[in-house]
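We will go from stop to stop, selecting a few residues each time.

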Amino acid sequence: MSPRSASVNEELRRRSRERLLQAAVELVSERGYDATTLGDIADRAGSARGLVSYYFPGKRQLLQSAVHRLMHRTLEEALEREPRTEDGRERMARAIDAILGLTRDQPVLMRQHMAGLLQAEGFVQCPEQRRLSELLGQTVAAYGSTQVSADYPMLRALLMGAVYAALVPGVPMRVPVLRTELFKRYGLDWELGVPPDADASGASGAEAPGTGARDAAAPGGTPHSDLSRFFDTGPGPADGQPK
């Protein structure tokens with residue numbers, strides 16, 4: 001058998017990494033961070049256990065990359081969904097709703113992600129994190145910023161603060177309330193983006209429409225389980241593990 005080409009090996013490595021990212025979010029979502037081991041992740045991904053360290057320094061770095069993938073793909077979907085638009089205010093609203101929606105739907109993953117960011121290593125500088133930064137920077141620019149280098153970090157900080165507030169055990173803030181404050185900050189109309197279903201018509205101020213229990217980021221809620229669309233794990237160009 002002739003040796004595999006460099007391009008085939010590269011594709012195999014890419015798909016192996018994708019499978020590890022997908023396995024990480026699935027297992028942590030199902031079992032929690034502490035109950036998930038790197039061995040478990042490798043087994044779910046169908047990879048050799050030693051292969052995990054080839055791509056990631058440790059479990060926390062792997063999970064950060066995996067959640068950054070979820071965030072940037074969720075954001076991409078929101079920004080590009082039909083009807084597509086270049087309106088900066090609509091794109092800002094979609095971006096806010098995408099991150100708040102992911103927080104509501106995947107509380108276990110997002111809580112562990114926030115905990116990881118407070119560790120000494122902080123942000124993991126990986127392709128997933130860089131793509132998320134690019135998308136948020138583009139959103140700020142479309143909104144009309146002339147100082148993206150200053151306004152992007154502010155948007156990131158505001159979104160991180162909202163995620164944290166939605167996930168504090170015991171005293172979480174409701175997502176629609178956080179949405180209201182972020183929309184006020186950026187001068188956005190409530191109807192932009194993807195507003196929560198209005199089940200409190202006529203509400204005003206902090207009690208914005210859609211503040212029912214199902215709109216809260218429920219720490220014990222059931223996450224949406226099918227995350228496979230965010231990961232390209234189809235069959236590779238050849239059998240076997242990457243060299």
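Before selecting anything, set up one term: a residue is buried under 20% relative accessible area, exposed over 50% and partly exposed in between (1.4 Å probe, protein chains only). This is a predicted model, in which local features need pLDDT of at least 70 and side-chain atom pairs count only at pLDDT 80 or more, while totals for chains, interfaces and linings use all residues. Residues are numbered from 1 along each chain as its sequence is written, and side-chain values use heavy atoms, with hydrogens and water left out.

**The whole chain**

Start with the cartoon view. The protein chain has 9 helices and 0 strands; these are DSSP runs numbered from the N terminus, with H or I over at least four residues for helices and E over at least two for strands. Of its 243 residues, 50% count as buried. Contact here means heavy atoms within 4.5 Å. Among contacts with a separation of 6 or more, 71% are between residues 24 or more positions apart.

Select Tyr54 and Tyr55 and show their side chains. Is Tyr54 buried or exposed? Tyr54 counts as exposed because its relative accessibility is 51%. Tyr55, at 17% relative accessibility, counts as buried.

Rings of Phe, Tyr and Trp (its six-membered ring) pair if their centres lie within 6.5 Å; planes under 30 degrees apart count as stacked, over 60 as edge-to-face and the rest as tilted. By this rule the model has 4 aromatic pairs. In one of them, the ring centres of Tyr54 and Tyr55 are 4.9 Å apart and the planes stand at 85 degrees, so this pair is edge-to-face.

**Stop two: Tyr143 and Tyr186**

Now select Tyr143 and Tyr186. These rings also form an edge-to-face pair, 5.5 Å centre to centre with 85 degrees between the planes. Tyr143 is in helix α7 (residues 127-143) and Tyr186 in the segment after α9 (175-185), so the pair links distant parts of the chain, 43 residues apart. Tyr143 is partly exposed at 30% relative accessible area, whereas Tyr186 is buried at 7%.

A charge sits over a ring if NZ of Lys or CZ of Arg is within 6 Å of the ring centre and within 35 degrees of the ring normal. Arg185 lies over the face of Tyr186, 5.0 Å from the ring centre. For another example, select Lys59 and Tyr33: the charged end of Lys59 sits over the Tyr33 ring, 4.0 Å from its centre.

Go to Ala23 in helix α1. Ala23 is buried, with 2% relative accessible area. Not counting residues up to four places away in sequence, Ala23 touches Ile41, Arg44 and Ala45.

Next, select helix α6 (residues 107-117), where the buried residues include Leu109, Met110 and His113. What covers the buried residues of α6? The cover includes α1 (6-31), α4 (59-80), α5 (88-105) and α8 (148-167).

**Last stop: colour by confidence**

Finally, colour by pLDDT, the predictor's confidence in each residue from 0 to 100. The protein chain averages 84, and 82% of the residues score at least 70. Over residues 198-224, however, pLDDT is below 50, and it stays under 50 over residues 237-243. Where pLDDT is low, the predicted coordinates should not be read in detail.
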